[in-house]
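Trainee: I would like to learn how to read a model feature by feature. Please show me the general idea each time, then the case at hand.

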Amino acid sequence: MRFEHILTHRCTIVLTGQKIGETEYGKPIYSDVPIGNVPCRADQIKRRASVDQYGVDFITENILFLGPDQQIPSDAKIKDIQDLQGNAVLKDVYLPENVRPVYSKVRLHHYEITLQKESDSDGQKES
């Protein structure tokens with residue numbers, strides 16, 4: 001089975017701070033540039049269990065899989081993760097926390113990206 005067949009979700013990658021033009025005085029104009037309908041797959045992975053006197057807490061991470069042709073910069077944002085029918089899989093805006101290239105024997109196979117929920121308006125990160 002080809003890897004592209006398991007990319008059953010679509011997302012929007014927003015490249016932040018991209019130069020999109022210049023003013024009439026030659027100063028650069030910067031803006032966010034969204035790239036829509038990017039094939040991906042979002043999964044929630046249980047990384048570890050934390051046991052204390054109050055019980056067991058399971059620490060989970062949202063992981064995004066992207067094909068080898070879709071490199072993502074560390075300052076990009078990922079949003080609108082949906083299945084092929086348009087149903088929301090993950091509703092929030094995420095930042096790539098850890099981008100890991102995964103190689104087959106000879107070449108790049110895919111990227112695995114740990115997603116961190118973007119800070120809310122008061123500067124606190126959500127879990």
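Mentor: Start with accessibility. Buried means under 20% relative accessible area, exposed means over 50%, and partly exposed lies in between, with a 1.4 Å probe and protein chains only. Arginine 100 is partly exposed, at a relative accessible area of 24%.

Trainee: What kind of model is this, and how are its residues numbered?

Mentor: This is a predicted model, in which local features need pLDDT of at least 70, side-chain atom pairs count only at pLDDT 80 or more, and totals for chains, interfaces and linings use all residues. Residues are numbered from 1 along each chain as its sequence is written, and side-chain values use heavy atoms, leaving out hydrogens and water.

Trainee: How many helices and strands are in the protein chain?

Mentor: Helices (H or I, at least four residues) and strands (E, at least two) are DSSP runs, numbered from the N terminus. Here the protein chain has zero helices and seven strands. Along the sequence the pattern reads β-β-β-β-β-β-β.

Trainee: What radius of gyration does the protein chain have, and what would a compact globule of 127 residues have?

Mentor: The radius is taken over C-alpha atoms, and the globule rule is 2.2 Å times the number of residues to the power 0.38. For 127 residues, a compact globule would come out near 14 Å; the protein chain has 17 Å. Its C-alpha atoms fill a box of roughly 65 × 45 × 30 Å along the principal axes.

Trainee: What percentage of the residues of the protein chain count as buried?

Mentor: Of the 127 residues, 27% count as buried. For surface, accessible areas come from the Shrake-Rupley method with a 1.4 Å probe; for residues, only the protein chains shown count as cover. The protein chain exposes about 8,800 Å², and carbon and sulfur atoms supply 46% of that.

Trainee: Among contacts between residues at least 6 apart in sequence, what percentage join residues at least 24 apart?

Mentor: Contact means heavy atoms within 4.5 Å. In the protein chain, 47% of the contacts between residues at least 6 apart join residues at least 24 apart.

Trainee: How many disulfides are there?

Mentor: A disulfide is a covalent bond between the sulfur atoms of two cysteines. The rule used is a pair of cysteine sulfur atoms within 2.5 Å. By this rule the count is zero. Cysteine 11 is in no disulfide, and the nearest cysteine sulfur, that of cysteine 40, is 3.4 Å away. Cysteine 40 is likewise in no disulfide.

Trainee: Is cysteine 11 buried or exposed? And cysteine 40: buried or exposed?

Mentor: Cysteine 11 is buried, at a relative accessible area of 1%. Cysteine 40 is buried too, at 0%.

Trainee: How many salt bridges does a search of the whole structure find?

Mentor: A salt bridge is a side-chain nitrogen of Lys or Arg within 4 Å of a carboxyl oxygen of Asp or Glu. The search finds five. One of them joins aspartate 43 to arginine 41, with the closest N and O atoms 3.4 Å apart.

Trainee: Where do aspartate 92 and lysine 117 lie?

Mentor: Their side chains meet in a salt bridge (3.1 Å, N to O). Aspartate 92 lies in the loop between β5 (88-90) and β6 (94-103) and lysine 117 in strand β7 (residues 108-117), so the pair ties together parts 25 residues apart in sequence. Aspartate 92 is partly exposed at 32%, whereas lysine 117 is buried at 17%.

Trainee: Which residue does arginine 100 meet in a salt bridge?

Mentor: Arginine 100 meets glutamate 112, at 3.8 Å from N to O. This pair links distant parts of the chain: arginine 100 is in strand β6 and glutamate 112 in strand β7, twelve residues apart. Glutamate 112 is partly exposed, at 21%.

Trainee: Which residues form a nonpolar patch on the surface?

Mentor: Patches are made of residues with over 30% relative accessible area and no salt bridge; like charges are joined within 9 Å, nonpolar side chains (Val, Leu, Ile, Met, Phe, Trp, Tyr) within 5 Å. Here Val51, Val56 and Phe58 form one, with about 310 Å² of accessible area together. Valine 51 lies in strand β2 (residues 28-52) and is exposed, at 65%.

Trainee: What is phi of asparagine 37 near?

Mentor: Its phi is near 60 degrees, a positive value in a residue other than glycine. Asparagine 37 sits in strand β2 and is exposed, at 59%. Aspartate 80 also has a positive phi, near 50 degrees. Aspartate 80 is in strand β4 (residues 77-83) and is partly exposed, at 38%.
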